[in-house]
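Thanks, everyone. Please have the sequence and the model open.

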Amino acid sequence: MFSANRAPRGLQGTPTAPGTCYQGPFLPVIMPGLVQPFHVVVWAGFVSGCVSTLLGGGNPSDAPAHYISPASCLVPAGSDPSAPEAIIVRGGRSSLLQGGSSAARFRCPLSLNGLAMASGLWLLLLFALPSARALEPLSMGLAIAAASALTGFLSYPRFYCGRFTECCEEGVLNSTALQHALEQKLFGQHLAKKVILKALKGFMNNQDTKKALTLSLHGWTGTGKNFISKIIAENIYPQGLNSKFVHIFVSAMHFPHDNQVPKYKDQLQMWIRGNVSACPRSVFIFDEMDKLHPGLIDAIKPFLDYYDEIDGVSYRKAIFIFLSNAGGDLITKVALDFWKKGKQREELQLKDVESILSVGVFNNKNSGLWHSSLIDKNLIDFFVPFLPLEYRHVKKCVAVEIQSRGFELDEDLITRVADEMTYFPKEEKIYSDKGCKTVSAKLDLSMEL
């Protein structure tokens with residue numbers, strides 16, 4: 001126990017986890033000749049720093065993602081250098097992470113969390129120095145209070161999020177911007193626009209979601225599946241697909257070998273668990289689902305199911321988006337039947353396609369969802385059909401591409417590029433067989449001629 005007639009030899013006890021206040025013995029740091037009111041000022045500054053720190057963050061187990069260092073900090077519990085490698089995808093780029101399938105944990109210093117705590121302790125230690133005795137007590141006390149409050153403020157997420165680093169808290173849907181982008185940039189997809197806008201608004205405005213949002217987007221290449229996933233990402237996180245909270249899997253790249261499916265399942269579970277632990281509002285995009293090995297996607301079933309938590313982690317705010325060419329033939333058949341009956345494609349409703357699509361994908365061995373428990377247990381919230389694009393839609397794509405390059409619209413050029421595309425069926429030639437995917441290349445060729 002320290003007393004007024006004995007200078008402290010140093011701090012005793014150990015600080016708790018980052019984000020909590022010092023829990024050692026009461027340490028007034030009393031110097032000979034200093035009066036009691038000064039102690040109040042010192043501790044007021046110290047406590048203010050602790051309170052500010054607590055406002056800015058919590059324990060490591062529930063710390064938001066901006067407190068956690070890059071992917072190298074994410075390690076599996078009990079891992080060792082000889083353990084198998086696990087794929088970690090962050091912001092569209094993959095890296096390798098050592099470790100097996102055990103639960104992930106974080107082993108990195110929380111650089112901003114605890115900043116005020118550290119500065120408060122440092123300033124208290126400053127009084128142990130003989131040179132500190134020459135300073136006027138009240139001035140030093142005020143300095144401590146100001147420094148502690150300032151560092152606490154600087155460690156508060158609302159101050160540095162968006163200024164110095166990207167934070168998970170920025171994951172808020174801009175529904176107005178999303179609606180505008182869908183209307184101005186996505187052509188011929190009235191069903192996709194309506195379903196995705198309503199699904200995202202309803203999900204992200206709900207503070208008590210029961211499960212993760214799961215969207216399965218289907219249609220031929222070039223109809224806008226990748227494009228719409230890009231729009232979604234940009235209207236949740238400012239950095240879009242480059243956000244560290246948006247993760248992209250490409251089946252052929254990340255899961256190339258048939259004989260390693262069990263290993264991929266373990267890695268996939270660990271990867272999702274680690275990233276959702278870092279940021280509950282994580283967005284996962286699985287591209288080329290039709291090239292995914294059968295049964296592999298079932299590894300993520302627990303994360304899509306109706307659980308409050310799994311091993312202390314809640315997945316109810318996460319978003320999963322599947323992109324697949326599977327079912328494109330079924331969607332085209334429905335659209336073509338409408339056309340042959342003299343109906344407008346805009347008359348198509350989701351109920352006209354969704355059930356046919358889900359059953360067809362479930363029974364398609366090359367869909368990535370063949371006999372999947374995700375469909376069997378109704379864990380995919382929406383099957384979103386992307387209709388084949390007509391000639392008029394291709395012309396709109398060409399016009400947007402011309403404008404994006406800073407040129408004035410030229411109707412002759414637009415028509416020439418649209419005519420260069422190929423269409424099906426052979427007789428009717430209604431739909432572009434590559435959607436708008438090759439518009440940019442065709443425009444390059446037409447502008448050179």
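Start at the bond between Cys397 and Cys436: the torsion about S-S is about 80°, so this disulfide is right-handed. Note that we are looking at a predicted model. The two sulfurs sit 2.1 Å apart. This pair ties together distant parts of the chain, 39 residues apart. Cys397 is in helix H14, and Cys436 is in the loop between strand S11 (431–432) and H16.

Are these two cysteines buried or exposed? Cys397 has a relative accessible area of 16%, so it is buried. Cys436 also counts as buried, at 16% relative accessibility. The cut-off for buried is under 20%.

A disulfide is a covalent bond between the sulfur atoms of two cysteines.

How many disulfides are there? The count comes to two. The other one joins Cys168 and Cys279, with sulfur atoms 2.0 Å apart. The torsion about its S-S bond is about 75°, so Cys168 and Cys279 form a right-handed disulfide. This pair, too, links distant parts of the chain, 111 residues apart. Cys168 lies in the loop between helix H4 (157–160) and helix H5 (175–185). Cys279 lies in the loop between helix H9 (261–278) and strand S7 (283–287). Cys168 is buried, at a relative accessible area of 10%. Cys279 is buried as well, at 1%.

Back to Cys436, and to a neighbour. His393 is in helix H14, which covers residues 391–404. Its contacts, leaving out residues up to four places away in sequence, are Phe187, Gly188, Arg345 and Cys436. His393 has 2% relative accessibility, so it counts as buried.

H14 gives the most, with four residues. By class, the lining has nine nonpolar, nine polar and eight charged residues.

The largest nonpolar core has 42 residues. Those touching the most other members are Ile272, Phe286, Ile297, Ile300, Phe320 and Phe322. The elements that each supply at least two residues are H9, S7, helix H10 (301–304), S8, helix H11 (328–340), helix H12 (350–362) and helix H13 (373–376). H9 gives the most to this core, with six residues.

Take Ile297 as an example. Leaving out residues up to four places away in sequence, Ile297 touches Phe286, Met289, Leu292, Phe322, Gly368, Leu369, Ser372 and Leu374. There is also a second, separate core of 36 residues, which includes Ala199, Leu200, Leu213 and Ile321.

Stay with H9 for a moment. Lys263 is in helix H9. Lys263 is partly exposed, with a relative accessible area of 35%. From Lys263 to Leu296 is 33 residues in sequence and 9.9 Å in space, C-alpha to C-alpha.

Now some backbone details. Most residues other than glycine have a negative phi, and most peptide bonds are trans. Where are the exceptions to look at?

One is a cis peptide bond between Phe424 and Pro425, with omega about -10°. Pro425 lies in the loop between strand S10 (423–424) and S11. Lys429 lies in the loop between S10 and S11 too. Its phi is positive, near 50°, and Lys429 is not a glycine. Lys429 counts as exposed, at 55% relative accessibility.

Glu288 has a positive phi as well, about 60°, and is not a glycine. Glu288 sits in the loop between S7 and H10. With a relative accessible area of 22%, Glu288 is partly exposed.

Last, the overall picture. The protein has 16 helices and eleven strands. Of its 449 residues, 47% are buried. Among contacts between residues at least 6 apart in sequence, 74% join residues at least 24 apart.

Conventions: Residues are numbered from 1 along each chain as its sequence is written. This is a predicted model: local features need pLDDT of at least 70, side-chain atom pairs count only at pLDDT 80 or more; totals for chains, interfaces and linings use all residues. Side-chain values use heavy atoms; hydrogens and water are left out. Buried means under 20% relative accessible area, exposed over 50%, partly exposed in between (1.4 Å probe, protein chains only). Contact means heavy atoms within 4.5 Å. Ala, Val, Leu, Ile, Met, Phe, Trp, Tyr, Cys and Pro count as nonpolar, Asp, Glu, Lys and Arg as charged, and the others, Gly among them, as polar. A disulfide is a pair of cysteine sulfur atoms within 2.5 Å. A nonpolar core is a set of buried Ala, Val, Leu, Ile, Met, Phe, Trp, Tyr and Cys residues joined through side-chain atoms within 4.5 Å.
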